Amino acid sequence: MEFQQFKKEIETQFLRNVGNDPDYTIRSLTVPKNGVDLTGFTYMRKDGNVGITLYAENMYEQYKASISIEQIVKENLHVMREYSKGMPKKLDDDKLFCKENIIPALIPSRGNEALLKTVPHIPFQDMQIIFKFAFEGVGGPSTTNVTNSFAQKHGYSGQELLNIAKNNAVFKDRIIITPIVNYNFEDLPSKRNDDFSYINELQERAVIISNTDLYYGAAAVLDTDVLSKVSEAFGENLHILPSDIHGCTLIAESEKSESEVQDLQYMSNILATLPAERLSDSVYYFDNKTKQITKPPQSQEKTEQQCTSQTEPKR
């Protein structure tokens, strides 16, 4: 069965199972995620504003693994009902959607054109900085976008939002680094105020930077104080690989050449990163002296040479 037909069948089955419930309903909605439109099914109280959303794309993977539609609906509906137990009808918007809960997030420019019309954003290399409210939701850590209407209501420019977000404890205190060999986070990561000196003794001098939720953690690279600590621990500047929207890889400059890190980035995007979580095909460079994130030096030289050759007068 093709995915479009599967979605229709799943929605029909959900509505059939929930249709007579006096208190709850289930709604189908399109959820844009990193340039990819996902189909969500939200289970919520009829008189509430909060619910549990599960995605048809994940259910389709179950179907391809030879699980019947009836069993998929049964299992996912059970999860929705269990998570809904004790859930409040409504969330207190004033407490959740406040400036103290704002964090920055990095998303790719390409594929997010429609989203960028609705949210404040700042270009950052080939990516965009947007802003999210981060808070403890019913089922755990949650985020939702800061919208243009919120920014306009409070008179915030994009730069003002960035200053607020970068200084909020909800952003700074959740930044973590861990050796790349601990990519599955079996060992506890280091926090931003910990001693990083041990990373220079690693066999592979590379670390992952993210946040404690491992969710939209790539923006941790915007904290150049942390990048500077990593750089000082390695004793040199850093290659930055925007692995996905949830985290970046920092590699000591002498560990790999620019071409090697670029190859790593390409391979990661092809083999390991889901399309909905892909951040960039490019790699970047952190200079601890200037505290700036730029294109790698060789790439900058090529760009400058191209610009020079284009502007030279014809003879």
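## One face of helix 3

In helix 3, the buried residues include Ile-69, Ile-72, Val-73, Asn-76, Leu-77, Met-80 and Ser-84. They sit on the same side of helix 3, because the arc they cover around the axis is only 115°. That arc is taken over the directions from the helix axis to the C-beta atoms. Buried means under 20% relative accessible area, exposed over 50%, and partly exposed in between (1.4 Å probe, protein chains only). An α-helix has 3.6 residues a turn, so residues three or four places apart point the same way.

Helix 3 spans residues 69-84, 16 residues in total. From first C-alpha to last it reaches 22 Å, close to the 22 Å expected at 1.5 Å a residue. The expected span is 1.5 Å times one less than the number of residues. The cover over the buried residues of helix 3 includes helix 1 (3-18), strand 1 (24-33), strand 2 (36-45), strand 3 (51-55) and helix 2. Contact here means heavy atoms within 4.5 Å.

## Model and overall form

This is a predicted model, in which local features need pLDDT of at least 70 and side-chain atom pairs count only at pLDDT 80 or more, while totals for chains, interfaces and linings use all residues. Residues are numbered from 1 along each chain as its sequence is written, and side-chain values use heavy atoms, with hydrogens and water left out.

The protein chain has 11 helices and 14 strands. These are DSSP runs numbered from the N terminus: helices are H or I with at least four residues, strands are E with at least two. The C-alpha atoms fill a box of roughly 75 × 50 × 45 Å along the principal axes. Of the 315 residues, 43% are buried. Among contacts with a separation of 6 or more, 59% join residues 24 or more positions apart. The chain exposes about 17300 Å², and carbon and sulfur atoms supply 48% of it. Accessible areas come from the Shrake-Rupley method with a 1.4 Å probe; for residues, only the protein chains shown count as cover.

## Salt bridges

The structure holds five salt bridges. Each is a side-chain nitrogen of Lys or Arg within 4 Å of a carboxyl oxygen of Asp or Glu. Glu-61 and Lys-64 form one, at 3.2 Å, N to O. Both lie in helix 2 (residues 56-64), three residues apart, about one helical turn. Glu-61 is partly exposed at 46%. Lys-64 is exposed at 51%.

Asp-213 and Arg-174 pair at 2.7 Å, N to O. The pair links distant parts of the chain, 39 residues apart. Asp-213 is in the loop between strand 10 (206-211) and helix 9 (224-234), and Arg-174 in the loop between helix 8 (169-172) and strand 8 (175-179). Asp-213 is partly exposed at 30%, as is Arg-174 at 22%. Asp-223 and Arg-192 form a salt bridge at 2.6 Å, N to O. Asp-223 lies in the loop between strand 10 and helix 9 and Arg-192 in the loop between strand 9 (190-191) and strand 10, so the pair ties together parts 31 residues apart in sequence. Asp-223 is buried at 6%, and Arg-192 is buried at 14%. Arg-205, Glu-236 and Glu-255 are linked in a network of salt bridges.

## Thr-42 in strand 2

Thr-42 belongs to strand 2. Its relative accessible area is 10%, which means buried. Leaving out residues up to four places away in sequence, Thr-42 touches Thr-25, Ile-26, Arg-27, Leu-29, Gly-51, Ile-52 and Thr-53.

## Loops and positive phi

Most residues other than glycine have a negative phi. Phe-185 has a positive phi of about 60° although it is not a glycine. Phe-185 lies in the loop between strand 8 and strand 9 and is partly exposed at 22%. Lys-291, also not a glycine, has a positive phi near 60°. Lys-291 lies in the loop between strand 13 and strand 14 and is partly exposed at 34%.

Thr-290 is found in the loop between strand 13 (284-287) and strand 14 (292-294). Thr-290 is partly exposed at 42%. Its C-alpha atom is separated by 10.0 Å from that of Ser-228, 62 residues apart along the chain.
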